[in-house]
Amino acid sequence: MALASGVRFAPRALLRPWALLRGTTLGRTEPAAGGGGDGARRFGSQRVLVEPDAASGVAVMKLRNPPVNALSLELLTELVISLEKLENDKTFRGIILTSDCPRVFCAGLDLTEICGRNPAHCAEYWKAMQELWLRMYLSSLVLVAAINGACPAGGCIIALSCDCRVLADNPKYRIGLNETLLGIIAPFWLKDTYVNTIGHRASEQALQLGSLFPPAEALQVGLVDQVVPEDQVQSTALSEMARWLAVPDHARQLTKNMMRKATADRLLRQRDADTQNFVSFVCRDSIQKSLQAYLEKLRQRKG
Ligand SMILES: CCCCCCCCCCC/C=C/C(=O)SCCNC(=O)CCNC(=O)[C@H](O)C(C)(C)COP(=O)(O)OP(=O)(O)OC[C@H]1O[C@@H](n2cnc3c(N)ncnc32)[C@H](O)[C@@H]1OP(=O)(O)O
C-alpha cells in the first residue's frame, strides 16, 4: 500500500483471499438503481456492497451479511478485497462504512466460526481478523464509520479502525468491547486501539466491565465523534468526510501513519504468537462451553 510519498503502510501479509471467495460474486460491477454514468456504478461482492462516487472520490461500503453482519471468514475476506480495490484506484480518497442490515452495524466475530471448529480453522479465521484490522487501521484512505445499528465487540473494532465515527441516536445502538461478558479477552491490539481512542483509565474500566455504551455515553467517553438522529447519519458522515478530505492527502496520510504505526507494528511483530494465543484460548473446553452457552442464549432470546 504505497503512499504518494512512497511510504508503505501495511505489508501485504495474509493473503490468499481470492481462494476464500468460493461461489461469491466479487468484482461484479452493475449500475446502481437509477444510476447512469461511471460515478453511479456499484460493485462489490455478496456481503459487501460498494457504491462509488467517482466525482467526489468517496465510496460508500455497506456490510450486508444478514441478519447481523457477523464477521464470518467470507465477510472479512470480502472486506479486505473491497478495501484493497478502492485503495488501488486513485479515483478514491475516502470510504464511508455502514450497514445494509437493519438495526445492526456489526455483531462482531461470527461466533459460529470459533465454536466447535478445529484449531486450523480458528487460526485461519483469526489471521483474517488481524488482516482486516491492519488494513483498515493503516488505510491511506479516510474511513468514516456511519454507525446505523448495534456495534458490539468486533463491530466496535471495525468502527474504531476508522478515522471518524458517526453514531445514530438510538438507545438500542450500543457500542463497546463487551468481550469479558462472554468470558473472553480482547487481545492486546484491540486493547491498544481502545486506549488510543478513549484513553487508559476509561479503557481499563470499560474493558473489564465489558461496557456497551448507549449513544450519549459513547459520545461522552470519546468512542464516537458525533451522535445524530438516525436519518442524518449518512449526511453527517458525508460532511465529516468533506472535513477530512479538505486536508492534503500526503500530510494527512503521513500524520495518520505517525499516530498509528507503533500500534500496528506491535501486532505485526507478534502476529504468529497472537494467533497461537487466540487458538489455544478459544479451543479450551471451558471457553468453548461458555461461547456455546452465549450463542444458545442469543438464539433463545429470539423467540
Ligand atoms: C490470553 C489470550 C488472548 C486471546 C483472546 C481470545 C478472544 C478474542 C476476542 C476477540 C474480540 C472480538 C470478539 C467478538 O466480537 S465476540 C462477538 C461479540 N458479539 C456480541 O456479543 C453480539 C451478540 N449479538 C447481539 O447482541 C445481538 O444479536 C445484536 C444486538 C447484534 C442484534 O440483535 P437482534 O435482536 O437484532 O438479533 P438477534 O439477537 O435475534 O440475532 C439474530 C441471529 O444472529 C445470531 N447472532 C447474533 N450475534 C451473533 C454473532 N456474533 N455470531 C454469530 N451469530 C450471531 C443470533 O444467534 C440469531 O441467530 P438465529 O437467527 O439462528 O437465532
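User: Let's start with R47. Is R47 buried or exposed?
Analyst: R47 is buried, because its relative accessible area is 14%, and the cut-off for buried is under 20%. Keep in mind that this is a predicted model.

User: Which side chain does R47 meet in a salt bridge?
Analyst: That would be E78, with an N to O distance of 2.5 Å. The two come from distant parts of the chain, 31 residues apart: E78 sits in helix α2 (residues 73–88), while R47 is in the loop between β2 (41–44) and β3 (48–53).

User: And E78, buried or exposed?
Analyst: E78 is buried too, with a relative accessible area of 0%.

User: OK, zooming out for a second. How many salt bridges does the structure hold?
Analyst: There are 13 salt bridges in the structure.

User: Which residue forms a salt bridge with E84?
Analyst: R135 does, and the closest N and O atoms of R135 and E84 are 3.9 Å apart. R135 belongs to helix α3 (residues 119–137) and E84 to helix α2, so this pair ties together parts that lie 51 residues apart in sequence. Both R135 and E84 are buried.

User: What about E240, which residue does it pair with?
Analyst: E240 forms a salt bridge with R243, and their closest N and O atoms are 3.2 Å apart. Both are in helix α8 (residues 233–245), and because they are three residues apart there, about one helical turn separates them.

User: Are E240 and R243 buried or exposed?
Analyst: One of each! E240 is buried, at 6% relative accessible area, whereas R243 counts as exposed, at 56% relative accessibility.

User: Switching topic to helix packing. At what angle do α5 and α9 pack?
Analyst: Helix α5 (residues 188–198) and helix α9 (residues 249–269) pack at about 175 degrees, and their axes are 10 Å apart. The two helices are therefore roughly antiparallel to each other, since angles over 145 degrees count that way.

User: Which residues meet there?
Analyst: On the α5 side they are F188, W189, K191, D192 and N196, and on the α9 side T263, R266 and L267.

User: How many of the contact residues are nonpolar, polar or charged?
Analyst: The contact of α5 with α9 has three nonpolar residues, two polar ones and three charged ones.

Definitions and conventions: Residues are numbered from 1 along each chain as its sequence is written. This is a predicted model: local features need pLDDT of at least 70, side-chain atom pairs count only at pLDDT 80 or more; totals for chains, interfaces and linings use all residues. Side-chain values use heavy atoms; hydrogens and water are left out. A salt bridge is a side-chain nitrogen of Lys or Arg within 4 Å of a carboxyl oxygen of Asp or Glu. Helices (H or I, at least four residues) and strands (E, at least two) are DSSP runs, numbered from the N terminus. Buried means under 20% relative accessible area, exposed over 50%, partly exposed in between (1.4 Å probe, protein chains only). Axes are lines fitted to C-alpha atoms, for helices over the stretch in contact, and angles run from 0 to 180 degrees between N-to-C directions. Angles under 35 degrees count as roughly parallel, over 145 as roughly antiparallel, 65 to 115 as roughly perpendicular and the rest as oblique. Contact means heavy atoms within 4.5 Å. Ala, Val, Leu, Ile, Met, Phe, Trp, Tyr, Cys and Pro count as nonpolar, Asp, Glu, Lys and Arg as charged, and the others, Gly among them, as polar.
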